[in-house]
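Please keep the sequence and the model in view while reading.

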Amino acid sequence: MMKNLRVIKTGIDVSKILEQIKKHPEDWGSQKNIKDKKIEQLDPTKYTVTVDVLQLIMGGIEKEGQYVGDTEICIPTPAYDRHTEMIRFLKRNFKDFKRCGFLSLPVGGQVGRHIDEGTYYLTKDRYHLSIQGRYRYSVGGESVIVEPGTFLWFNNKLPHGTENIGDETRITFVIDVPHDPKNP
């Protein structure tokens with residue numbers, strides 16, 4: 001039995017969630033559409049990003065130079081109200097949820113091993129719901145092949161990463177939930 005990575009359920013019908021994603025392609029990169037909040041952006045001179053993001057609830061900062069991983073600020077994006085099927089899933093499975101969004105990864109793409117750093121993550125559990133594509137997910141020396149419709153938890157306080165091993169773009173939904181022993 002794995003202790004850092006747990007498949008909660010497989011075979012979940014994610015077709016309605018995927019329909020809404022396809023219906024609203026303009027929502028990808030939706031964090032760029034928020035004008036009235038100070039949002040920390042990655043410096044393109046320091047980072048190469050191959051993952052596209054469709055955030056429903058994103059992190060925010062209060063002042064220039066503050067690290068978004070050290071705040072509890074959670075800001076619904078304009079996309080939140082358009083992705084009702086995903087919100088329904090969240091409300092069925094969690095009494096509370098925080099930052100969350102869809103991540104895409106091209107065929108053959110990888111997200112290198114990393115740890116989610118900052119005080120925000122210390123009190124959160126991290127989950128994925130696989131929407132499209134097939135990928136290998138690794139956490140703390142444990143690994144699993146993830147198919148669409150798989151709901152899983154993993155310890156994001158340990159090194160983790162992924163590789164798209166399928167033949168289509170991987171789309172997964174990432175959810176941060178306040179830690180609670182009753183979480184799935």
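Buried residues have under 20% relative accessible area, exposed ones over 50%, and partly exposed ones lie in between (1.4 Å probe, protein chains only). The model is predicted: local features need pLDDT of at least 70, side-chain atom pairs count only at pLDDT 80 or more, and totals for chains, interfaces and linings use all residues. Residues are numbered from 1 along each chain as its sequence is written, and side-chain values use heavy atoms, with hydrogens and water left out.

**Aromatic pairs**

- Eight aromatic pairs are found in a search of the whole structure; rings of Phe, Tyr and Trp (its six-membered ring) pair if their centres lie within 6.5 Å, and planes under 30 degrees apart count as stacked, over 60 as edge-to-face and the rest as tilted.
- Phe89 and Phe151 form an edge-to-face pair, 5.1 Å centre to centre with 85° between the planes.
- Phe89 belongs to helix H2 (residues 84–93) and Phe151 to strand E9 (residues 151–154), so this pair ties together parts that are 62 residues apart in sequence; helices (H or I, at least four residues) and strands (E, at least two) are DSSP runs, numbered from the N terminus.
- Both Phe89 and Phe151 are buried.
- The ring centres of Tyr137 and Phe154 are 4.9 Å apart and their planes are at 55°, so the pair is tilted.
- Tyr137 in strand E7 (residues 135–139) and Phe154 in strand E9 are 17 residues apart, and both are buried.

**Ring cluster**

- Phe89, Phe94, Tyr127 and Phe151 are linked into a cluster by ring pairs.

**Charges over a ring**

- The charged end of Arg99 sits over the ring of Tyr120, 3.7 Å from its centre; this requires NZ of Lys or CZ of Arg within 6 Å of the ring centre and within 35 degrees of the ring normal.
- The charged end of Lys124 also sits over the ring of Tyr120, 4.3 Å from its centre.
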